[in-house]
Amino acid sequence: MNLIEMKNGESAVIKLLPNGEAAQRLEALGLHGGKTIEKLSCMPFGGPVTVLLDGRQFAISHGIAEQIEIEIQPAG
């Protein structure tokens, strides 16, 4: 499953980031395999995805979010 497919308000563990420069930029923000993120919102028509990581909110482009593989965390 990728970041686009998860529902707003769900938490997930990052399994795989895209390769190349995108991965370097995401890692600079603190995103890397094993980290838990929460999806806050996804703008329509290919807009950015807003996530919460370690108490910080930031937006990820739709194209990059499609390449971030995640595993949903069970509620509770």
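Colleague: Let's start with one residue. What relative accessible area does glutamate 71 have?
Modeller: First, the scale for this predicted model: buried means under 20% relative accessible area, exposed means over 50%, and partly exposed is in between (1.4 Å probe, protein chains only). Glutamate 71 counts as partly exposed, because its relative accessible area is 43%.

Colleague: What pLDDT do local features need?
Modeller: Residues are numbered from 1 along each chain as its sequence is written, and side-chain values use heavy atoms, leaving out hydrogens and water. In this predicted model, totals for chains, interfaces and linings use all residues, side-chain atom pairs count only at pLDDT 80 or more, and local features need a pLDDT of at least 70.

Colleague: Which residue forms a salt bridge with glutamate 71?
Modeller: A salt bridge here is a side-chain nitrogen of Lys or Arg within 4 Å of a carboxyl oxygen of Asp or Glu. For glutamate 71, the closest N and O atoms are 3.7 Å apart, and the partner is lysine 15.

Colleague: How many residues apart in sequence are the parts that this pair ties together?
Modeller: Strands (E, at least two residues) and helices (H or I, at least four) are DSSP runs, numbered from the N terminus. Lysine 15 sits in strand E1 and glutamate 71 in strand E5, so their pair links parts whose separation in sequence is 56 residues.

Colleague: In what order do the strands line up in the sheet?
Modeller: Two strands pair if DSSP finds at least two bridges between them. The sheet is open and its pairing antiparallel; E4 (56-60) and E5 (69-72) are the edge strands, each pairing on one side only. The five strands run in the order E4-E3-E2-E1-E5.

Colleague: What does the twist average from one strand to the next?
Modeller: Angles run from 0 to 180 degrees between N-to-C directions, and axes are lines fitted to C-alpha atoms, for helices over the stretch in contact. From each strand to the next, the average twist is 40°.

Colleague: Which residue in E2 is the bridge partner of alanine 12?
Modeller: E1 (residues 11-16) pairs with E5 over four bridges, and in E5 alanine 12 stands opposite isoleucine 72. E1 also pairs with E2, over three bridges. There, the bridge partner of alanine 12 is isoleucine 37.

Colleague: Within what arc do the buried residues of helix H1 fall?
Modeller: In H1 (residues 21-28), the buried residues are Ala22, Ala23 and Leu26. The arc is that of the directions from the helix axis to the C-beta atoms. Those buried residues line one face of the helix, because seen down its axis they fall within 95°.

Colleague: And which residues of H1 are exposed on the other side?
Modeller: One of them also takes part in a salt bridge: arginine 25 meets glutamate 21, 2.7 Å from N to O. The two are about one helical turn apart, because four residues separate them in H1. The exposed residues on that other side are Gln24, Arg25 and Ala28.

Colleague: Which residues does isoleucine 60 touch, leaving aside its neighbours within four places in sequence?
Modeller: Contact means heavy atoms within 4.5 Å. With those neighbours left out, isoleucine 60 is in contact with Leu3, Leu26, Leu31, Pro48, Val49, Val51, Ala65 and Ile68.

Colleague: Which residue forms a salt bridge with lysine 35?
Modeller: Lysine 35 lies in the loop between H1 and E2 and its partner in the loop between E3 and E4, so this pair ties together parts 19 residues apart in sequence. The partner takes a positive phi near 55° in the hairpin of E3 and E4, which has two residues between the strands. With 2.8 Å from N to O, lysine 35 meets aspartate 54.
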